[in-house]
Amino acid sequence: MSERPLLLFPKPKTADRTKLKMPSQSERFHKPNHSRQGERLLPMFRQLQETFNARRVEVQQNTAGTDPEQVLVIETVGSVDKFANAVKRIDGLEWMGELESDEIAPDQDFYDESNREKKLSGRLYLVMTNQRALDEMLSLWGRYQGDPDMKFRQGLTKFRNVFLHLKNIRRWDVQDRLLETGLIEIWQEDLRYSGDRVIPFEAELWFRGSPGLRISSANQVAELVQQAGGRILSQSVIEGIAYHGLLAELPANAIRSIAENPTTELVRCENVMFYRPVGQMVVGGKSPEGEVEIAAIEEMPLPTGEPVIALFDGVPLANHRLLSGRIEVDDPDNWEADYAAPERVHGTSMASLIVHSDLNERKAPLARPLYVRPIMKPIPWPNAPRPEGFPEDRLVVDLIHRAVKRILEGEQGEDPIAPQVKVINLSIGDPTRQFTQSMSPIARLLDWLSVKYGVLFVVSAGNHSTAISLGISRDEFDSLEPNKVEAATIKSLYRDARHRRLLSPAETINGLTVGAVHQDESQVVHPGFRIDPFDQLLPSPVSAFGSGYRRSIKPDVIFNGGKQWYSLPLLPSEPISITPAIFRTPPGNKVASPGSLAGDLTATSYSCGTSNATALISRAAGICYDSLQQILEEQASEIDTHVYEAPLLKAMLVHGCAWGDIGSRISKVLRTPENGHQLSGLVSRWMGYGMPHVDRVLDCTDQRATLLGFGQLSDGKAHVFRLPLPPSLGSRREWRRLTVTLAWLSPISASTQRYRTASLWFKMDNNGLAPNRSDADWQAVRRGTVQHEVFEGQQAEPFNDGDVIEIKVNCRKDAEKIKKPVAYGLAVSLEVREGVDIAVYNEIRTRIAPAIQIQQVTDTGQV
């Protein structure tokens with residue numbers, strides 16, 4: 001046990017939540033008047049009706065007795081609250097979902113009154129309709145157009161607001177379903193390299209409200225696939241995330257026909273939301289080059305106990321001398337049989353980082369074994385070794401769902417394989433699905449599973465290993481000092497940030513998303529023709545940019561991911577572009593790897609990126625878990641804390657974060673006279689809450705005390721925690737910092753734009769002790785499921801012995817009603833500079849100890 005362990009808050013007081021001051025809803029955009037709306041929309045409604053009629057004739061000729069349905073996209077500038085309730089009042093309309101958009105182009109009718117060129121925010125409402133429901137909706141429009149003061153039938157008044165804000169209404173069509181997913185380009189690539197094979201794909205169907213409609217929908221798609229010469233391989237329905245997917249395959253000639261002319265009946269099928277590629281999360285590649293032999297492997301004790309970290313990845317080289325006896329591989333599908341040793345690159349390196357950290361840091365291995373479940377395997381490839389990726393014969397959503405259920409619940413009546421697991425590492429990202437505005441099925445799955453099983457997913461933000469155009473000539477580049485090259489690189493990355501977004505499933509709201517820091521402990525002797533684009537500590541140039549869903553903070557944290565060096569062009573080019581130099585030699589994180597020689601079980605190599613950073617954060621989570629168990633056993637042994645462990649771990653991992661010099665450097669490079677108020681948002685898009693110093697949540701110091709709290713809250717309730725102030729700090733003009741981190745796992749409402757069901761936040765008045773808020777924007781930190789804030793000050797504030805700071809944790813519903821109390825974890829630190837004669841830890845500890853009567857608390861205060 002640490003000499004100065006973290007402390008637990010006494011039992012919090014139950015209270016009603018603080019009422020939020022809602023932002024003004026006044027509309028700052030111009031919209032057309034009633035008459036102009038009629039002129040604009042009448043042609044749209046006519047075209048919609050004509051198209052629907054024509055499509056109905058086509059469908060009924062092919063399928064007798066079918067009442068065709070189509071999905072409408074209703075685009076509004078601004079939002080209309082609770083429109084879904086109005087949709088449900090019209091028989092034949094079915095709510096499919098809504099999307100938030102901040103990319104609506106202004107025109108002569110809709111524009112921002114302060115800046116006519118600025119893009120507008122609004123919503124895309126997705127509604128399934130048949131002919132009867134469409135007629136009724138158009139009838140409503142016609143009557144409203146004739147009399148704008150008409151009284152709508154009960155429950156339909158929201159349509160008035162929709163008509164007022166309506167910018168466009170159209171069918172969900174081939175553009176949405178196929179062309180914008182990038183599938184055509186991937187198919188064309190497949191056809192070039194293997195033009196005669198059967199090609200699999202995913203059809204994500206609209207999630208219908210009843211089993212009967214879902215069966216009918218799947219049958220119609222299956223019939224069209226069969227008519228095109230293909231077949232359905234599998235189907236997945238997960239109600240908790242509103243997901244209905246089909247894994248299908250078509251012969252090459254059918255795929256070629258669609259690629260050349262995407263207007264076939266299958267592509268036009270109204271039951272399909274998206275067509276997407278499968279097996280696209282490809283990692284690895286060639287086997288390591290220039291690997292360094294391990295001179296001596298330290299003899300350290302083998303792990304004991306149950307695993308608390310699970311790694312979902314490729315098959316590792318389990319008998320590598322650095323991993324043997326330290327990992328438990330669970331391979332129920334026997335993928336190892338098709339995995340040659342030289343191909344086991346990614347799983348081996350991730351397992352090495354979790355167990356040992358960067359080998360150059362020479363840290364002790366984890367005290368517990370690591371559970372490993374293969375979810376990737378070698379994919380078809382002309383050369384050896386083959387790269388690793390998701391298999392094409394599985395739906396990824398199904399694969400991950402099954403893997404999580406197996407370890408935490410059990411399959412087919414069997415006991416769970418690893419029920420003690422609290423952290424699941426996913427060092428993967430889908431390069432074909434950058435996050436824009438809608439949550440991917442895998443992200444929705446992770447959010448749902450995290451609540452169902454009380455587990456924390458640690459997910460990589462994603463890598464963008466593409467060239468960086470610096471926007472300068474070669475002569476200009478050669479004349480630049482290193483700090484100027486760094487500044488040019490930062491500016492170029494931000495200019496291209498829209499093409500370097502988070503890769504699915506990094507947008508998960510409950511998971512901890514990890515970006516990479518351009519940092520490692522390697523020594524480079526011969527850089528060769530490579531350059532280091534950064535002169536100071538910064539996020540990695542390959543690390544993906546946020547923000548997250550509804551502009552929440554994403555990535556959550558950044559961590560050491562190895563240095564990515566770049567190559568200059570061999571031939572003259574204007575402007576100059578630098579390209580990632582991909583090697584298995586320094587720089588980078590040193591990891592265990594397959595060797596080039598058969599039977600080599602001591603090889604190491606170097607790699608970098610967000611996968612590495614994610615694995616290292618998962619390792620930190622395992623260390624935090626053991627520390628947390630000691631704290632709870634010593635200070636709250638009578639309580640069942642199982643439900644609080646995941647949110648507490650999440651809070652602990654973020655709690656040591658601060659922007660520090662990294663944030664200052666990015667701000668300095670990006671600052672202009674016009675963007676000062678946007679800087680915090682720009683910085684957080686690349687580095688989230690910052691780089692965590694995990695040792696800060698493992699123990700305290702004389703000058704720093706960290707306290708943990710936890711509880712469960714329902715809508716409208718709050719818990720008030722009391723932090724005693726150290727009397728020695730009173731009236732002292734000393735720098736001090738107060739850091740507060742709140743984390744929880746929110747249930748989700750998969751078909752609504754708000755998505756997050758539970759909104760928690762803390763409210764605190766620190767009475768001038770630390771009045772200056774730093775780092776991330778105070779509004780942005782409340783949009784996700786982690787609120788992390790740092791306050792600093794130096795004024796001499798008088799207070800008396802017995803004075804406290806009250807930290808109030810509040811809960812309110814967001815997307816829908818909260819059905820059961822939501823568990824949360826809270827971490828609070830108060831510190832002064834090390835060496836100052838203020839015994840912060842002891843003074844807080846002695847004032848908390850008499851009050852510690854920790855009990856398991858719900859919002860009602862019942863034990």
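**Cavities, sheet and cysteines**

User: Which residues lie nearest the centre of the largest cavity?
Analyst: The largest cavity is lined by 20 residues; a cavity is a set of points on a 1 Å grid over the protein atoms alone where a 1.4 Å probe fits but cannot get out, and lining residues have an atom within 4 Å of a point. The model is predicted: local features need pLDDT of at least 70, side-chain atom pairs count only at pLDDT 80 or more, and totals for chains, interfaces and linings use all residues. Residues are numbered from 1 along each chain as its sequence is written, and side-chain values use heavy atoms, leaving out hydrogens and water. Nearest the centre are Glu-202, Arg-276, Pro-277, Asp-430 and Ile-442.

User: Which element gives the most to the lining of the largest cavity?
Analyst: Elements are DSSP runs numbered from the N terminus: helices (H or I, at least four residues) and strands (E, at least two). Helix H10 (396–408), strand E20 (430–434) and helix H11 (441–453) each supply at least two lining residues. With 3 residues, the top contributor is E20.

User: Which strands are the edges of the open sheet of 4 strands?
Analyst: The order is E2-E32-E37-E34, with antiparallel pairing; strands pair if DSSP finds at least two bridges between them. Strands E32 (717–724) and E37 (804–813) are joined by 7 bridges, and Phe-721 has Ile-807 of E37 as bridge partner. Pairing on one side only marks the edges, E2 (13–16) and E34 (758–764).

User: How many disulfides are there?
Analyst: A disulfide is a pair of cysteine sulfur atoms within 2.5 Å. For Cys-700, the nearest cysteine sulfur, that of Cys-624, is 13 Å away. The count is 0.

User: Is Cys-700 buried or exposed?
Analyst: Buried means under 20% relative accessible area, exposed over 50%, partly exposed in between (1.4 Å probe, protein chains only). Cys-608, at 24%, is partly exposed. Cys-700 is at 5%, so the class is buried.

Conventions: 1 Å grid on protein atoms, 1.4 Å probe; cavity = no way out; pocket = protein on both sides within 12 Å on 5 of 7 lines; lining within 4 Å.
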